[in-house]
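Here are my notes for you, as promised. Have the viewer open as you read, and take the points in any order you like.

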Amino acid sequence: MSGIRGLNLDRIEQLLSGRTQRVVLNGVASEQCPVTYEVPQGSVLGPSLFLIFINDMTETVSEKTSIRFHADDTILYRKNRSQHDNHELNSDENKLEKWEENSQYMELNAQ
């Protein structure tokens, strides 16, 4: 829980609700469709909202496993000194997959 309440939460909900989008190709526009989630691209608030959303991701992995975030990439790593470390890293990857399922909006692409 991020702790956002009251007027700030109301303003964020107003920013994200009631939005529509359409596609224009060769001068022909599609029907407008509601945008049910996502933050407007190029918004000042967007990156902060994204960081709040993924903030608990780091809490899902074990203490010796680290997560590094880059623009649109997330790297999961740990010193691999034994078979146990390898097993723990795989276990942490499975925990992140579970986090993704629970988030309902994020889709991880493990590579």
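1. Helix α2 (46–54) has G46, L49 and I54 as its buried residues, where buried means under 20% relative accessible area, exposed over 50% and partly exposed in between (1.4 Å probe, protein chains only). Looking down the axis of α2, these buried residues fall within an arc of 125°, so they line one face of the helix; the arc is that of the directions from the helix axis to the C-beta atoms. The cover over them includes α1, β5 and α3, with contact meaning heavy atoms within 4.5 Å. Helices (H or I, at least four residues) and strands (E, at least two) are DSSP runs, numbered from the N terminus.

2. A word on the source: this is a predicted model, in which local features need pLDDT of at least 70 and side-chain atom pairs count only at pLDDT 80 or more, while totals for chains, interfaces and linings use all residues. Residues are numbered from 1 along each chain as its sequence is written, and side-chain values use heavy atoms, with hydrogens and water left out.

3. Now the largest pocket, which holds about 1,300 Å³ of space. A pocket here is an open set of points on a 1 Å grid over the protein atoms alone, where a 1.4 Å probe fits, with protein on both sides within 12 Å along at least five of seven lines; lining residues have an atom within 4 Å of a point. Grid points are joined across faces, edges and corners, and the volume is the space filled by probe spheres set on the points. Of its 32 lining residues, L16, V39, L49, F50 and F53 lie nearest the centre. α1 (6–16), α2 and α3 (83–103) are the elements giving two or more residues to this lining, and α2 has the largest share, with six.

4. By class, the lining of the largest pocket has 17 nonpolar, twelve polar and three charged residues. Nonpolar covers Ala, Val, Leu, Ile, Met, Phe, Trp, Tyr, Cys and Pro; charged covers Asp, Glu, Lys and Arg; the others, Gly among them, are polar.

5. The second largest pocket, about 770 Å³, is lined by 23 residues, with D72, D73, T74, L108 and N109 nearest its centre. At least two lining residues come from each of α2, β5 (66–70), β6 (73–77) and α3, and α3 gives the most, with five. This lining divides into 13 nonpolar, four polar and six charged residues.

6. Please look at T65, in the loop between α2 and β5. T65 is buried, at 6% relative accessibility. Its side chain makes a polar contact of 2.5 Å with the side chain of D92; such a contact is a pair of N or O atoms within 3.5 Å, and within protein one must be able to donate a hydrogen and the other to accept it, with residues adjacent in sequence counting only if both atoms are side-chain atoms. Leaving out residues up to four places away in sequence, T65 touches L76, Y77, R78, L89 and D92.

7. S103 belongs to helix α3 and is buried, with a relative accessible area of 13%. A polar atom of the S103 side chain lies 2.8 Å from the backbone oxygen of E100.

8. Is V44 buried or exposed? V44 sits in the loop between β4 (33–34) and α2, and at 79% relative accessibility it counts as exposed.
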